[in-house]
Every structure is written in structure tokens, then in C-alpha cells.
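Keep the structure open as you read.

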Amino acid sequence: MRLITSETELANIIREGGIIAYPTEAVWGLGCDPFNESAVRRILSLKSRPESKGLILVAGAQAELLPWCNALDNDSAQRLISQNQIPTSWVVPDTTITPTWIRGDHQSVAIRLSQHKPVQRLCAAFQGVIVSTSANPAGLPPAMSVEEVCAYFGDKVDAIFNASLGEAAQPSQVRDILTDTLFRA
């Protein structure tokens, strides 16, 4: 397992269909290009996660959210690009932008605008959103360190972003963009 500090190198691994582990606001995550079906299916297999559940996407800048903002009313679009004290993944109606292997059985996708600098730099280097799912097999707690990522996945992940976790107390809350209903605290 390679520890990499270069966001450009990590972005190239993602572009080539690779899977990386990276620090998010609160836990380690697994990421890949959400539009690369085989990479997404590798993550689902590593996690033993059913496709039907769907996956969260993360952006590092407002511009990366434009396709979804353009499909929303002004208030909802502003909510999607707002900065929140608590990391928030918004469930956004979507049947045309995001592939079914990301949405699962849903007519929506969960998307978060990260305020965590390493994630922002990674998305900027990739020039788009990436998959953001916790780095853990189903039923186990999310990885909180590089060592835990390695223990869970060994060499099945192509690279690990050598950067620090954020300081959030827990993974992102999940809310409905239209109703503000809380799905996960």
C-alpha cells in the first residue's frame, strides 16, 4: 500500500480507475471516480456493501456541484453550496446526472461540499466530485487511522492519501435538500 502526499498523483490514480483511501472530516474514506462503474463496484465489493444503498459523493468546491445546482431551485442550490459547521451530505433529487451504480435504488444522490482542506485539494486535482464512503467493511467501525485502513483492506486499495483527518466528531449528517429532513445524525 503506497502512502502518497501528491494530490495530482492521487487524482491520476482515480482517473485510471483506481481506489484510494483518504482522510475526511471525521473518518477515513474510500474514493474513486463515481462515473467509473468498475471502480465503484470494487469499492462496493471491498465494503461488502449492496449497490442498492447508494454512495455519497464529495466535492471540494462549489463549481464541482454545478450540475446538481442547475437542477435545483435557488434555495436548495444555496443549501447545497453552503458551508455548515457540521459536515452535511445533502440528498439531492437526481435521475439524470449520477449513474445508478452510485444512486442505488434511489431517485437521488447524497452530496457533500467538504470544508476539509485535503479533500478540497484532492477534488481540485481530480477536477470533480469523488465517491466518499467510509473506509470499513460492512458492520465494522470506520477506519480512524492509516493502520486501520491497512488492517481492513491491505493492498486492495491502490493508494492512501498521506494527510490528516479533520476534527469533526462524527461522519457527515445526511439531510434532504428539499425538506431538511434529517436521515443520519
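This is a predicted model: local features need pLDDT of at least 70, side-chain atom pairs count only at pLDDT 80 or more; totals for chains, interfaces and linings use all residues.

## A pair of rings

Next to Phe-153 in the pairing story comes Tyr-152: the structure holds one aromatic pair, and the rings of Tyr-152 and Phe-153 make it up, with centres 6.0 Å apart and planes at 65°, so they meet edge-to-face. The cut-off for that label is an angle over 60 degrees.

What about the cover over Tyr-152? Its relative accessible area is 25%, so Tyr-152 counts as partly exposed.

## A glycine in a loop

Now hop over to Gly-54, which sits in the loop between helix H2 (37–47) and strand S4 (56–59). Is Gly-54 buried or exposed? With a relative accessible area of 7%, Gly-54 is buried.

Gly-104 is 50 residues away in sequence, yet the two C-alpha atoms are 4.1 Å apart in space. Setting aside neighbours within four places in sequence, Gly-54 is in contact with Arg-49, Ile-102, Arg-103, Gly-104 and His-106.

## The sheet

Strand S4 turns up again in an open sheet of six strands, ordered S7-S4-S6-S5-S10-S11, with mixed pairing. At the edges stand S7 (130–131) and S11 (182–184); each has a single partner strand, so one side of each has no neighbour in the sheet.

Who partners S11? Strand S10 (residues 173–176) runs antiparallel to S11, and two bridges join them. Val-174 stands opposite Arg-184 in S11. In general, strands of a sheet pair through backbone hydrogen bonds, either parallel or antiparallel.

How values were computed: Residues are numbered from 1 along each chain as its sequence is written. Side-chain values use heavy atoms; hydrogens and water are left out. Rings of Phe, Tyr and Trp (its six-membered ring) pair if their centres lie within 6.5 Å; planes under 30 degrees apart count as stacked, over 60 as edge-to-face and the rest as tilted. Buried means under 20% relative accessible area, exposed over 50%, partly exposed in between (1.4 Å probe, protein chains only). Helices (H or I, at least four residues) and strands (E, at least two) are DSSP runs, numbered from the N terminus. Contact means heavy atoms within 4.5 Å. Two strands pair if DSSP finds at least two bridges between them.
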